[in-house]
Amino acid sequence: MKPIKSKSLLPMILLSIGIGIIGILIPIAYVFLPMLFLTEAMDRGLVKIMGTFLGLCLVLEALVPRMGMVLFTLFGPLILILHYCLVTKKDLLASLALSSGLFLLSILVVLQSTGVLGFIQKDNFPQEIIQMQREAGIWQDSMTSYIPAFESMVRGMVQYLPAILVVLSLIVTYVTLTFTGRKLLLRGKLVVQPPSFFYFRLPQGIFAILGTFLVLGLVFQADLDKFAPLLLNNGLVLVGFLFFIQGLALVDFSLVKLRMVRFFKAILLTMIVLTPLLQIPLAFLGLLDSLLNLRRIHLK
């Protein structure tokens, strides 16, 4: 296959502006920004591309106050650390660990600087959220009976916020590395990147890591009594998510072996992800795959 050469920055600039505008209405679109700029930074040089990224953030800042600052704080360090990892040819695990750790730190900085962390630490923050929704016309008086359930849900989300942020950091980093690697490959450049999703497996040392944390928890149990439930709950969510992803990759592997059409495979995997009843069985399947390598058994 002949490499695809990138001749102009104009498509990237127009696409980044489009993502920036769409992201104002649909914030999840911003996840694609790091990949866009990281690809061009590897192809055209870091200084020029980071200057372009800063310019985009300044435009967004003028359109929506604080939006540009938030995006630059979130994604600027991520682009820089991933560029460093790719240029120095760090292995995949090191790249994921460094970049997801820095992205997590960036998220915490944004939450602190915007006052979100201080807000959720208030005892009455669920009531304040309801009041803000009432002022915006979202919360109606007929919904009063749902207030206890809403407050319980919001407090539960805050309790699991550490695990949620770690999961988000891992997803954004993994997606950025994957798309960047694929785009650079089309341009004839090979960099360290995650393999196809159906080959995804957790590191062999995952159980050693989990065992170490368990031993440390038992040793320092007296000092952790106050935080033990929080640490345990978030740890279970994080570990469960990792095994769930491995289980999903195993299903993807099976569908590839069955030669299922990519479109229908994507629909099926999406339905599995969105079905709560399947998440625990899939995490258990991922656990079994870590222990027995079910893909190898399937191949025989």
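Predicted model: local features only at pLDDT ≥ 70, side-chain atom pairs only at ≥ 80, totals over all residues.

Student: What makes T173 count as buried?

Tutor: Buried means under 20% relative accessible area. T173 has 0%, so it is buried. This residue lies in helix α9, and it touches L78, L82, L96, S99 and S100, leaving aside residues up to four places away in sequence.

Student: Which backbone oxygen lies 2.9 Å from a polar atom of the T173 side chain?

Tutor: That is the backbone oxygen of S169.

Student: And T73, why is it called partly exposed?

Tutor: Its relative accessible area is 23%. Partly exposed covers what falls between the buried limit of 20% and the exposed limit of 50%, so T73 belongs there. T73 is found in helix α4 and touches S106, V109 and V110, again not counting residues up to four places away in sequence.

Student: Let's turn to helix α3. How do you know that its length is close to what is expected?

Tutor: Helix α3 runs over residues 46–63, which makes 18 residues. From its first C-alpha to its last, α3 reaches 26 Å, and the expected value at 1.5 Å a residue is also 26 Å.

Student: Which residues of α3 are buried?

Tutor: They are I49, M50, T52, F53, L56, C57 and L60.

Student: What puts these residues on the same side of α3?

Tutor: They cover an arc of only 155° around the axis, so they share one side of the helix. V47, L58 and A62, on the other side of α3, are exposed. The buried residues pack against α1 (10–25), α2 (33–44) and α4 (67–87).

Student: Now the rings. How many aromatic pairs are there?

Tutor: The structure holds nine aromatic pairs.

Student: Why is the pair of F32 and F179 called edge-to-face?

Tutor: The ring centres are 6.3 Å apart, and rings pair if their centres lie within 6.5 Å. The planes stand at 85°, and over 60 degrees counts as edge-to-face.

Student: What makes the pair of F198 and F253 tilted instead?

Tutor: Their planes are at 45°. Stacked needs under 30 degrees and edge-to-face over 60, and the rest is tilted, so this pair is tilted. F198 sits in the loop between α9 and α10 (206–219), and F253 in helix α11 (residues 228–257), 55 residues apart. Both F198 and F253 are buried.

Student: Which residues touch the most other members of the largest nonpolar core?

Tutor: Of its 47 residues, those are Y30, F37, L71 and F75. Helix α4 gives the most to this core, with 11 residues. A second, separate core of 16 residues includes F244, A249, V251 and A283.

Student: Why might nonpolar side chains be found together like that?

Tutor: In soluble globular proteins, nonpolar side chains tend to be buried together.

Terms used:
Residues numbered from 1 in each chain as written. Heavy atoms only, no water. Helix = DSSP H or I, 4+ residues; strand = E, 2+ residues; numbered from the N terminus. Expected span 1.5 Å × (residues − 1). Buried < 20%, exposed > 50% of the residue type's maximum accessible area, 1.4 Å probe, protein only. Arc of directions from axis to C-beta. Contact = heavy atoms within 4.5 Å. Phe/Tyr/Trp six-rings, centres within 6.5 Å; stacked < 30°, edge-to-face > 60°. Core = buried A, V, L, I, M, F, W, Y, C linked by side-chain atoms within 4.5 Å. Polar contact = N/O pair within 3.5 Å; in protein donor to acceptor, adjacent residues only side chain to side chain.
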